[in-house]
Structures are given as structure tokens and as C-alpha cells.
Amino acid sequence: MDIQLTFPLDHDGFLRRECPHCVRQFKWHHGPANEEAETQPAPAAYHCPLCGKPAGMDSWWTQEQLEYAQGVTIPAATREVEQGLRDAFKGASSKHVRFDCKGGIDAPDVPTPLTEPDDMVIVTSPCHSYEPVKVPEDASRPYHCLVCGEAFTV
Ligand SMILES: [Zn+2]
Ligand SMILES: [Zn+2]
């Protein structure tokens, strides 16, 4: 099963993220921000700009993104199962036994796509300035570098 999940970026190309440790939200730039970023190896973990703790690359989904992902994958999985049942019944039917598959399984509706407001402010760490992040305007300083976790203020 191949499901395409897309999450919206804001107009500056930032993706909303949620820290698994402090459960606060920030944004990181999606894709290389510039040429220098492109030449860097992808880090095994990123650090939360707000609390500084590291987590693996797939640990930063927001609740809204997880719910949306579920909302998209469950109907797709339901359709897949339904098609599989129909195929199975078709093969099992013979002159004497006929399997019929009437109606369909009720698949939940696919949720409306997420939207991304242009909130938060861009900050860049002095040590890894090629990985800018966006933090809530009222977030307390210091911030932490996404790449190495180093504390900094702007
Ligand atoms: Zn955090
Ligand atoms: Zn750094």
C-alpha cells in the first residue's frame, strides 16, 4: 500500500514540529535552507530549540499531523482490505458455492488537509546558521541549536 502524505509548509518553507520531551511546538526549515546546508550530512538526531533535548528524525510529529496521517491511512487501508475480500470471494466462487460481497465497508472520510499559518519568528544559531528554526514569539531564551543543541540567544 502506497500512501502519499503531505504536510503543509508555511510561506517561508517551514514545517511545524512538536518536541517529544517538552511537547512544545516550533518549526524547522524543510529541505536544505541554502547551499551550505546541502553539503552537510543529515544528522541522526535533532535538538529541540526550546528545551535542547535530542530526538530521532521521526519523533517530531505534532498531534495534528499524527491525527491527519491516521485519518488518511485508515480509509486507504479499509479500501485495500475491502478489495482483498472481493478478490478472495471471486476466487472462491464455484458452480456450487457463490460468495457475494454486497455493499462496501464504510470507510471514514479522509480529513481535510492541514494548513500552516505564518506564525512564529525565525532564529538562527551562530554555530549552525544554515539550519534556521522558527520559535513561538513568547518562547523563553536561550534557544538551542537544532543540529548540536548548543544554547544561544538572539
Ligand atoms: Zn523540547
Ligand atoms: Zn549548532
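This is a predicted model: local features need pLDDT of at least 70, side-chain atom pairs count only at pLDDT 80 or more; totals for chains, interfaces and linings use all residues.

Residues are numbered from 1 along each chain as its sequence is written, chains are lettered from A and ligands numbered from 1 in the order in which they are written, and side-chain values use heavy atoms, with hydrogens and water left out.

**Zinc ion (ligand 1)**
- C19, C22, C48 and C51 coordinate the zinc ion (ligand 1), each through SG, at 2.2 to 2.3 Å; donors are N, O and S atoms within 2.8 Å of the metal (3.2 Å for Na, K and Ca).
- Angles of 102 to 116° among the four donor atoms make this site tetrahedral, a label that requires all angles to lie between 85 and 135 degrees.
- The donor spacing in sequence is C-x2-C-x25-C-x2-C.
- C19, in the loop between β1 and β2, and C51, in the loop between β3 (45–47) and β4 (54–56), link distant parts of the chain, 32 residues apart; strands are DSSP runs (E) of at least two residues, numbered from the N terminus.
- C19 is buried at 1% relative accessible area, whereas C51 is partly exposed at 24%; buried means under 20%, exposed over 50% and partly exposed in between, with a 1.4 Å probe and protein chains only.

**Zinc ion (ligand 2)**
- The protein donors of the zinc ion (ligand 2) are C127 (SG), H128 (ND1), C145 (SG) and C148 (SG), at 2.0 to 2.3 Å.
- The four donor atoms form a tetrahedral site, with angles of 101 to 119°.
- Along the chain these donors follow C-H-x16-C-x2-C.
- C127 is in the loop between β5 (121–123) and β6 (133–135) and C148 in the loop between β7 (143–144) and β8 (151–152), so the pair ties together parts 21 residues apart in sequence.
- C127 is partly exposed at 39% relative accessible area, and C148 is partly exposed at 33%.

- The whole structure has zero disulfides, defined as pairs of cysteine sulfur atoms within 2.5 Å.

**Largest pocket**
- The volume of the largest pocket is about 350 Å³, taken as the space filled by probe spheres set on the grid points, which are joined across faces, edges and corners.
- Of its 20 lining residues, H29, G31, Y46, M57 and E131 are the closest to the centre.
- A pocket is an open set of points on a 1 Å grid over the protein atoms alone, where a 1.4 Å probe fits, with protein on both sides within 12 Å along at least five of seven lines; lining residues have an atom within 4 Å of a point.
- β1 (14–18) and β2 (25–29) each supply at least two lining residues.

Note on methods
Four donors count as tetrahedral if all angles lie between 85 and 135 degrees; four count as square planar and six as octahedral if opposite donors are over 155 degrees apart and all others between 65 and 115; anything else is irregular. Helices (H or I, at least four residues) and strands (E, at least two) are DSSP runs, numbered from the N terminus.
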